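Dear colleague,

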Amino acid sequence: MVQSMTRRGFVRLGAGAVAAGAAMKATLLEPAAMRAQTVGGGSAGGANGRKIRFVSIGTGIRGCDLLRSARQVPTGECVGAADLYRTRHQAAKEAWGAEIPTTGDYRSLLDRKDVDAVFVATSDHHHRRVTLDAIAAGKDVYCEKPISHSVADGAAMVDAVQAGKRIFQAGSQRVSSILYKKAAEIYRSGRLGEVHWIDAQINRNSPGGAWVYPIPPDASPETIDWKEFLVDAPERPFDAARFFRWRCFADYGAGLAGDLFVHLLSGIQGITGMNTVASRAYSSGGIYHFNDGRDFPDLLETVYDYPGMQVHLHCNQNNNDGDDRIGIYGSLGTMVVAGNSLTFTPQDVRPRFETYGWNGMTAAQKRQGLEEWNAAHPAPPAALGETESYALPPGYDDTADHIANFFSAVETREHVVEDEVFGNNAAIGCHLANYSYFHRAVAQWDAAAKTIKG
Ligand SMILES: NC(=O)c1ccc[n+]([C@@H]2O[C@H](COP(=O)([O-])OP(=O)(O)OC[C@H]3O[C@@H](n4cnc5c(N)ncnc54)[C@H](O)[C@@H]3O)[C@@H](O)[C@H]2O)c1
């Protein structure tokens, strides 16, 4: 939720500082009161005088980050955590508080009647099972992105959420960011004109950025429930690299598409309101540097056909130039959301005498053409609109706002910002990209059959 700009740090850099002499207006966005917004619209204790009670299933990197962000949200309270790696029970307690009970068996948490909601922060191949079990137990679900490990998983999850009338928030938190809400406001205003092209990227350049995560010395079949981790993935002997670096492997994750495209697609869906699936996708890429036995490429680019829109996504794990950036290119303006800021730059479409087309004419023709143009345009050109930039305040946490939105919906039963259909559409975009990469063919989305075809 974007509040009106109370802390307006207007910076006017006079004409000439910005291309074509336009001025620049810079604004620091204000965090909305949303995080402090209380369930039931009342006190931090909620309508019934209590907080939303949730458990976290999966307390690895993201699960612990979710717990730390949730601590900023006064309307919820963690009452338990589950993880298959025993040492992460302690990590969960350090992230939330020593008082929470922990277990290796998430089902025991779902049996508890005092639990309202569940965070699902497992590796992707567990999302469907844990979500369906949580819904069967009558819980609402915040499920990390990408919500599904396959198209079939996503369809089953959407059906279960809707049949069970549960609240479901997909975990691409930028959809709740005040920066993305500002971008959506600019998009909806029509100031970009006609938009037919979006170009977006997230790049990284380090082993950690390519999911070569640390393997702790105590990792073993004694501390990790390997059989449960595999669940319905192909049987194989204990392999700590597969457990901690699961994003590299198709049995458990979805590579760059599932890890990073999903954030870009969710951001694009949120800004444009284009909450649908591309009809076609074509990917290209390869494993250029991280030849460590992984399945997924370390460089991937995909061109998508959306209705009236080309979307070009690319992620590189071998150079981080441009970092995290969504460029939206319209006939009247360009909007770039990059990291913690966004810029809107008007296109200069003021009428002008375009000399190029006259280069093949005689001097007399040019003179006459210019005279006629001047006669048809007697007024001086209007001033070019200002370039605008908006920035997030330091320390802003969109995950906390996303969780606050979820807790509020759990209480009020009103809609979340990123429901199961939204999350599923973004996840299908990831599966389209991977299908095309692995099949070396254009992936086509068959919406009626809910399948990808080559
Ligand atoms: N929204 C974001 O910005 C963001 C960032 C990172 C990761 N993620 C997503 O969060 C999810 C988790 O990623 P991660 O980096 O934390 O992975 P991770 O490997 O660090 O942690 C996953 C944990 O889930 C546990 N787990 C798996 N199945 C389980 C089960 N059935 N019961 C209990 N625990 C189970 C594992 O033991 C592991 O500790 C993924 O879907 C990922 O895509 C989202």
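E228 forms a salt bridge with R129, and the closest N and O atoms of the two are 3.0 Å apart; a salt bridge here is a side-chain nitrogen of Lys or Arg within 4 Å of a carboxyl oxygen of Asp or Glu. This pair links distant parts of the chain, since E228 lies in helix α7 (residues 226-230) and R129 in helix α4, 99 residues apart. E228 is partly exposed, with a relative accessible area of 21%, and R129 also counts as partly exposed, at 24%. For these terms, buried means under 20% relative accessible area, exposed means over 50%, and partly exposed is in between, with a 1.4 Å probe and protein chains only. Helices (H or I, at least four residues) and strands (E, at least two) are DSSP runs, numbered from the N terminus.

Before going further, please keep in mind that this is a predicted model, in which local features need pLDDT of at least 70 and side-chain atom pairs count only at pLDDT 80 or more, while totals for chains, interfaces and linings use all residues. Residues are numbered from 1 along each chain as its sequence is written, and side-chain values use heavy atoms, with hydrogens and water left out.

By the salt-bridge rule the count comes to 23. One of them joins D446 to K453, with the closest N and O atoms 2.5 Å apart; D446 is buried, with a relative accessible area of 19%, whereas K453 is partly exposed, at 42%. Salt bridges that share partners also join R53, E77, R112 and D114 into one network. Within it, D114 and R112 have their closest N and O atoms 3.0 Å apart, and the relative accessible area is 30% for D114 and 22% for R112, which makes D114 partly exposed and R112 partly exposed.

Turning to the strands, an open sheet of six strands has the order β4-β3-β2-β5-β6-β7, with parallel pairing. β4 (102-103) and β7 stand at the edges, each with a single partner strand, so one side of each is left without a neighbour in the sheet. Two strands are taken to pair if DSSP finds at least two bridges between them. Strands β2 (residues 52-57) and β3 (residues 76-82) run parallel and are joined by six bridges, with C78 in β3 as the bridge partner of F54.

On one hand, β6 pairs with strand β5 (residues 117-120) in the parallel sense over four bridges, and V118 stands opposite V141. On the other hand, four bridges join β6 to strand β7 (residues 168-171), again in parallel, and G171 in β7 is the bridge partner of E144.

Some backbone details may be worth checking by eye. Most residues other than glycine have a negative phi, and most peptide bonds are trans. The peptide bond from K145 to P146, however, is cis, with omega near -20 degrees, and P146 is placed in the loop between β6 and α5. K165, which is not a glycine, has a positive phi of about 50 degrees; K165 is found in the loop between α5 and β7 and is exposed, with a relative accessible area of 66%. R440 likewise has a positive phi, near 50 degrees, in the loop between α12 (420-439) and β16 (443-446), and counts as exposed at 72% relative accessibility.
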